Amino acid sequence: TEDGEVYIDEIKGMYRDVSLIEEPMSVHLAQALCYACIYARQQKLSRIGVQMTYGNLETEELRYFRFMREKKELDQWFDELLRRYEKWARFRYEWKQTRKASIRPLEFPFAYREGQRDLAAGVYRTIARGKRLFIQAPTGVGKTISTVFPAVKAVGEDLGDRIFYLTAKTVTRTVAEEAFGILRDQGLRLKTVTLTAKEKLCICETPDCNPDACPYAKGHFDRINDAVYELLTTGPDAINREVLRSQAEQYRVCPFELSLDTASWTDAIICDYNYVFDPKVRLKRFFGEGVKGDYLFLIDEAHNLVERGREMFSATLCKEDFLELKRALKGRDKKAERLLERCNRYLLGLKRECETWQVHENIDPLILLVLSLSTELDRLREEGLEPELDEKVLEFWFILRDFLNTADLLDENYVIYSELGENGNFYLKLYCVETAENIRACLDKGRAAIFFSAVWLESESASSP
């Protein structure tokens with residue numbers, strides 16, 4: 001810099017109003033401090049500056065925060081950070097040794113039925129080659145244990161690191177838990193967690209994640225690390241709903257967030273399709289942009305995946321929702337009201353041309369309006385709204401976010417159409433007709449995938465990835 005000091009500049013782009021940022025987010029600053037410590041050690045600097053730069057991607061407005069740190073101070077901070085991380089790294093390393101040693105002598109737990117040995121061998125070969133396998137077999141032949149067992153053996157031989165057992169129904173999750181339990185009876189040490197919807201896992205009578213309303217949300221991040229570590233090191237290897245709720249009550253943390261954080265350290269995750277495929281709720285820690293791993297996907301009832309995929313990769317806007325929120329915000333924010341009205345007028349124009357339903361080639365003007373509206377609602381919430389109105393705005397913001405994310409996926413596999421609902425409401429839909437490309441993109445995050453089902457419809461198999 002002009003005064004001869006060296007600075008590490010950590011730049012964060014966002015759509016929120018940067019003028020409202022009073023201080024850097026702690027996680028952003030910690031990232032910059034790590035870089036600063038490493039660079040100061042490499043260059044043998046006695047001190048180094050840290051600059052946090054926040055930039056609004058829409059307005060290009062910038063906000064800077066500058067700090068100066070002595071090397072000794074940075075060294076102490078960084079070494080303490082490493083000490084806190086060490087116990088997690090040591091746990092992961094030692095547990096993998098335990099896991100591998102328990103898998104080596106493991107044998108198939110039953111006498112093979114007809115075709116079962118070939119099925120298990122086919123699953124293992126598919127994983128070893130990093131491919132995808134489609135299995136159709138009638139109910140009762142033991143598909144679950146015949147896919148779980150070779151997947152576990154593959155993990156023991158470093159052909160995969162984490163198993164995702166994906167289902168469409170709660171009952172099949174129970175079957176998967178039982179399969180892992182049978183192998184544990186033979187001496188398997190493998191940590192599994194079953195993910196349950198937030199509403200079903202919540203300890204409170206009415207789910208409300210506002211820290212002012214929920215004692216499990218207030219101070220959650222102060223206690224969650226200890227809760228997860230104790231659960232992993234002293235709890236059972238099979239982590240289910242009851243185990244999670246008990247641990248959450250003991251440490252007063254959110255049981256749903258506890259399940260997600262615990263999943264980061266387990267060997268197998270039993271969950272609904274949504275947690276891998278749905279862009280709205282998929283586990284970003286495993287499937288975020290630029291993130292992939294040696295994941296093994298075991299996909300049960302695979303004949304359901306295409307239709308479920310169409311739901312997950314599609315999005316809908318309702319014209320009447322824009323008017324309802326405009327009325328709720330009346331007199332609160334002129335820019336938000338204006339954008340809501342412009343979106344409503346655009347949809348009104350489509351409605352006047354629509355008798356029942358209509359296909360549209362291009363809705364780029366609406367997408368731009370929705371993007372601006374999303375940014376404005378985000379700013380409005382940050383400035384502060386009363387709880388009831390804030391909840392309405394947040395709910396609508398999620399709808400807009402999902403619509404924009406889906407709009408980014410639009411290609412020849414999508415149809416854009418509008419329709420008049422039976423209730424008189426007008427809907428605009430981004431509908432994913434052909435799911436193969438989107439499903440393939442999700443599977444590419446892992447190593448291998450096994451699809452198995454008792455039924456396989458021709459129309460669905462034609463759309464498989």
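Two strands count as paired if DSSP finds at least two bridges between them. The legends below describe a predicted model.

**View 1. An open sheet of 7 strands.** The strand order is β4-β14-β9-β5-β8-β6-β7. Pairing throughout this open sheet is parallel. β4 (132–136) lies at one edge and β7 (238–239) at the other. Each of these edge strands pairs on one side only. Strands of a sheet pair through backbone hydrogen bonds, either parallel or antiparallel.

**View 2. The pairing of β6 with β8.** Strand β6 covers residues 192–194, and strand β8 covers residues 268–272. The two run in the parallel sense and share 3 bridges. T194 is placed opposite I270 of β8.

**View 3. The largest nonpolar core.** This core holds 52 residues. F164, L166, L195, F277, F297 and I299 have the most contacts inside it. Helix α7 (residues 220–234) supplies the largest share of the core, with 5 residues.

**View 4. I299 and its contacts.** I299 is among the residues with the most contacts inside the largest core. Neighbours within four places in sequence are left aside here. I299 then touches L166, Y273, F277, L305, L443, I450, F451 and F452. Two of these partners, L166 and F277, are also listed with I299 for the most contacts inside the core.

**View 5. A second core.** A separate nonpolar core contains 32 residues. Among them are L350, C354, L373 and L385.

View 6. W357 belongs to strand β11 (residues 357–360). W357 counts as exposed because its relative accessibility is 56%, and the cut-off for exposed is over 50%.

**View 7. D158, a non-glycine residue with positive phi.** The phi of D158 is near 60°. D158 sits in the loop between α4 (143–156) and β5 (162–167). With a relative accessible area of 53%, D158 is exposed.

**View 8. E301, a buried residue with positive phi.** E301 is not a glycine, yet its phi is positive, at about 50°. The residue lies in the loop that runs between β9 (295–300) and α12 (305–312). Is E301 buried or exposed? E301 has 12% relative accessibility, so it counts as buried; the cut-off for buried is under 20%.

Technical notes
Residues are numbered from 1 along each chain as its sequence is written. This is a predicted model: local features need pLDDT of at least 70, side-chain atom pairs count only at pLDDT 80 or more; totals for chains, interfaces and linings use all residues. Side-chain values use heavy atoms; hydrogens and water are left out. A nonpolar core is a set of buried Ala, Val, Leu, Ile, Met, Phe, Trp, Tyr and Cys residues joined through side-chain atoms within 4.5 Å. Buried means under 20% relative accessible area, exposed over 50%, partly exposed in between (1.4 Å probe, protein chains only). Helices (H or I, at least four residues) and strands (E, at least two) are DSSP runs, numbered from the N terminus. Contact means heavy atoms within 4.5 Å.
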